[in-house]
Amino acid sequence: MKIFVAGLGYVGLSNGILLAQNHEVVGVDINAERVVLINAGKSPIADTEIEHFLQHEKLNFRATVPSHDTYAPADIVIIATPTDYDPETNQFNTAAIENVARQVLAQSKTAIIVIKSTVPVGYTAKLRQSLGTGRIVYSPEFLREGKALHDNLHPSRIIVGDTGEYGKLVARLLQEGARKKDVPVLFTGSTEAEAIKLFSNTYLAMRVSFFNELDTYALSHGLETRQIIEGVGLDPRIGSHYNNPSFGYGGYCLPKDTRQMLANYRDVPQNLIHAIVESNSTRMDFIATDIQRRKPRVVGIYRLIMKTGSDNFKSSSIIGVMERLVTRGIHTVIYEPALGASEFFHAPVIDDLSEFKRQSDVIVSN
């Protein structure tokens, strides 16, 4: 089977490698440098297993930039293009998905389109109607940055938003590539699958927010956060996982997915979803104020990446804290070897760790 993957970020690249173990896969990306790296067996993103598979595993995989007839030979086209949240429209920007879908339909009369990008609830059904085709399947991904291929090889579940033959085919392909056996598979309507994705990430954001607010309370009253969390987590209904306080939730998914979830609630009563979105800003405000009350001359920000093992700065919560400090007139310096710049948000970047520590009165360790 010939499979094309549009968009070679961590979602598209990990899905492409997963399927290339058993099928011919062509990755398509508008970034020519990324294409060159992948064809040379090098990963453009930080992911240990993607790097290993590109260099050492037997794969039928190559990358290319799009052309006028890229998708003509495809049996399946997986769309994994970014859908950034647009604050003006209160929706994900799905223009790239629609552009690829139109190209596929124009170039092939039989190719099945599988959307892996995160979309608003109800989007796939509207797209099928507007394009006049039933060959579009929505199947959400549940991948961690830095562990994307691992999570594809060992998935917690496979969700396919199609109950017909197209959906069954997609599920078989994903099961076939996985190393984990007996993966739970759920076939749903496309709109239910979209809701599963957004509610899953909103719950994770809620859990992050809960333990952050627990930590805010403990810090405000001179209590030991770790002891409280340990005691709370011993309840098996809560569990001792995903409970580490942070500067807020960040990265590609949680900030934009929670805002999209809130937008989907526009005509539905709610309190909790709004609170989850607002809590992230409240947490960053608290952290910045807690730093400011120490009256530092210079604040050092150690690393800007959104989490350990990632090379992604996008929507990193530490950046929200840093921006608040800079806006309040607090002199800030940064140590971030992966940035490759001398300045970020009006703050100088210092390459030498010893010099960074010498200049800083308070270091915010990310």
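Student: Is Ile 78 buried or exposed?
Tutor: Ile 78 is buried, at 5% relative accessible area. Buried means under 20% relative accessible area, exposed over 50%, and partly exposed in between, with a 1.4 Å probe and protein chains only.

Student: What kind of model is this, and how are residues numbered?
Tutor: It is a predicted model, where local features need pLDDT of at least 70 and side-chain atom pairs count only at pLDDT 80 or more, while totals for chains, interfaces and linings use all residues. Residues are numbered from 1 along each chain as its sequence is written, and side-chain values use heavy atoms, with hydrogens and water left out.

Student: Back to Ile 78. Which strand does Ile 78 lie in?
Tutor: Strand β4, residues 76-79. Helices (H or I, at least four residues) and strands (E, at least two) are DSSP runs, numbered from the N terminus.

Student: And what does Ile 78 touch?
Tutor: Setting aside residues up to four places away in sequence, Ile 78 touches Ile 3, Phe 4, Val 5, Ala 6, Leu 19, Val 114 and Lys 116. Contact means heavy atoms within 4.5 Å. Ala 6 is 72 residues from Ile 78 in sequence, yet their C-alpha atoms are 6.1 Å apart.

Student: New topic. What is the volume of the second largest pocket?
Tutor: About 860 Å³. The volume is the space filled by probe spheres set on grid points, which are joined across faces, edges and corners. On a 1 Å grid over the protein atoms alone, a pocket is an open set of points where a 1.4 Å probe fits, with protein on both sides within 12 Å along at least five of seven lines; lining residues have an atom within 4 Å of a point.

Student: How many residues line the second largest pocket?
Tutor: There are 42, and Gly 9, Arg 34, Ala 80, Thr 81 and Pro 82 lie nearest the pocket's centre. The elements giving two or more residues to this lining are α1 (10-20), α2 (32-39) and α4 (95-107). The largest share, four residues, comes from α4.

Student: How many salt bridges are there in the whole structure?
Tutor: A search finds 16. A salt bridge is a side-chain nitrogen of Lys or Arg within 4 Å of a carboxyl oxygen of Asp or Glu. One of them joins the side chains of Asp 215 and Arg 283, at 2.7 Å from N to O. Asp 215 is in helix α8 and Arg 283 in helix α11 (residues 272-292), so this pair ties together parts 68 residues apart in sequence.

Student: Are Asp 215 and Arg 283 buried or exposed?
Tutor: Asp 215 counts as buried at 9% relative accessibility, and Arg 283 is buried at 5%. Asp 257 and Lys 256 also form a salt bridge, with their closest N and O atoms 3.3 Å apart, and both residues are buried. Asp 267 and Arg 266 meet at 4.0 Å, N to O, but both of these are exposed.

Student: Asp 257 came up. What does Thr 202 contact?
Tutor: Leaving out neighbours within four places in sequence, Thr 202 is in contact with Asp 257, Thr 258, Met 261, Ile 273 and Ile 276. Thr 202 is found in helix α8 and counts as buried, at 2% relative accessibility.
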